[in-house]
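Student: Please take a close look at the aromatic rings for me. Then tell me what else ties this chain together.

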Amino acid sequence: MTHLGVWNIIYSEGTKKMNAISNEVEKLERQRADMVQYQLRDRGIRDERVLEAMGRIRREEFTPPSTRRLAYYDGALPIGEGQTISQPYMVASMTSELHLAGDEKVLEIGTGSGYQTAVLASIAKSVYTIERIRELHSKAVLTLIDLGFRNVSARLGDGTQGWEEAMPFDGIIVTAGAPRAPEKLMNQLADGGRLVIPIGDRRSQSLTIFTRKGKTFECRETFLCTFVPLIGDDAWESN
Ligand code: SAH
């Protein structure tokens, strides 16, 4: 074969690969737009900031490579260490419940993949996030840095203790199921701020919203849900 023939083969293999990659990108973009329409808008998510953020953030960057093509699946997906990335509808509902306008400081307990963190950081002014599993914490930090998020502070530790140095928070979101609202989280809420947390037993919880009114809290329950357990000093024990 002539040199030119070899180059033609290499060139056409390269082009095929590039076409395959751009087909995959287009497919994921279509799936993302469908997710926003069918899983979120059609089910009643109305917060345009949330819809815009979730229509822009590439969820496939937060799922493990083996489940990349399932990134827009209508349910939770495993992310390793026995944990999950929450269903898109759940992320949208919880974020909407915080009523974010753009100027808030938000605390998230349970960084996991970092996807919910990214959605919050796209809307709020700053986000503080805590994860108890080192591998997930490190991976999420790398992903968020890679994607250019500069308004996120991440910490490894027990989120039931909150983040005292950064309090008060306009919103607190707990992405794991708890037996009750941890007292320190309630105390770190700003006046008028909201705490969104799944409360119940280990198998089933009710998504609960506390709104701080001075020294008292208004409490509202929304729908039933199932989260991995919140494990810590003011939550479930590890076994
Ligand atoms: N928001 C995540 C959901 C991850 S699942 C996402 O979108 O991917 C819930 C996470 O909470 C798990 O990673 C789990 O390790 C973490 N977690 C459980 N108890 C915790 C605690 N006390 N403090 C911090 N993180 C905790």
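Tutor: Start with burial: buried means under 20% relative accessible area, exposed over 50%, and partly exposed in between, with a 1.4 Å probe and protein chains only. By that rule Phe62 is buried, at 2% relative accessibility. Keep in mind that this is a predicted model: local features need pLDDT of at least 70, side-chain atom pairs count only at pLDDT 80 or more, and totals for chains, interfaces and linings use all residues. Residues are numbered from 1 along each chain as its sequence is written, and side-chain values use heavy atoms, leaving out hydrogens and water.

Now the rings. Rings of Phe, Tyr and Trp (its six-membered ring) pair if their centres lie within 6.5 Å; planes under 30 degrees apart are stacked, over 60 edge-to-face, the rest tilted. The count is 4 aromatic pairs. One of them joins Phe62 and Tyr115: the centres are 5.6 Å apart and the planes at 70°, so the pair is edge-to-face. Phe62 sits in the loop between α2 (48-56) and β1 (77-80), Tyr115 in helix α4, and 53 residues separate them. Helices (H or I, at least four residues) and strands (E, at least two) are DSSP runs, numbered from the N terminus. Tyr115 is buried too, at 1% relative accessibility.

A second pair is Tyr128 with Phe169, also edge-to-face: 5.8 Å centre to centre, 65° between the planes. Tyr128 belongs to strand β4 (residues 126-131) and Phe169 to strand β6 (residues 169-174), so this pair ties together parts 41 residues apart in sequence. Both Tyr128 and Phe169 are buried. With Trp163, they form one aromatic cluster.

Charges meet these rings as well. A charge sits over a ring if NZ of Lys or CZ of Arg is within 6 Å of the ring centre and within 35 degrees of the ring normal. Arg59 lies over the face of Tyr115, 4.7 Å from the ring centre. Arg155 puts its charged end over the ring of Trp163, 4.1 Å from the centre.

Next, the helix that carries Tyr115. In α4 (residues 115-123), 8 of the 9 residues are buried, so the helix is largely enclosed by the rest of the structure. Among the buried residues are Gln116, Thr117 and Ile123.

A salt bridge is a side-chain nitrogen of Lys or Arg within 4 Å of a carboxyl oxygen of Asp or Glu. The whole structure has 11 salt bridges. Glu24 pairs with Arg68, with the closest N and O atoms 3.1 Å apart. Glu24 is in helix α1 and Arg68 in the loop between α2 and β1, 44 residues apart. Glu24 is partly exposed, at 33% relative accessible area. Arg68 is partly exposed, at 28%. Asp74 forms a salt bridge with Arg43 at 2.5 Å between the closest N and O atoms. Asp74 lies in the loop between α2 and β1, Arg43 in the loop between α1 and α2, 31 residues apart.

A further salt bridge joins Arg180 and Asp234, at 2.9 Å from N to O. Arg180 lies in the loop between β6 and α6 (183-187) and Asp234 in the segment after β9, so parts 54 residues apart in sequence are tied together. Arg180 is partly exposed, at 39%, whereas Asp234 is buried, at 17%.
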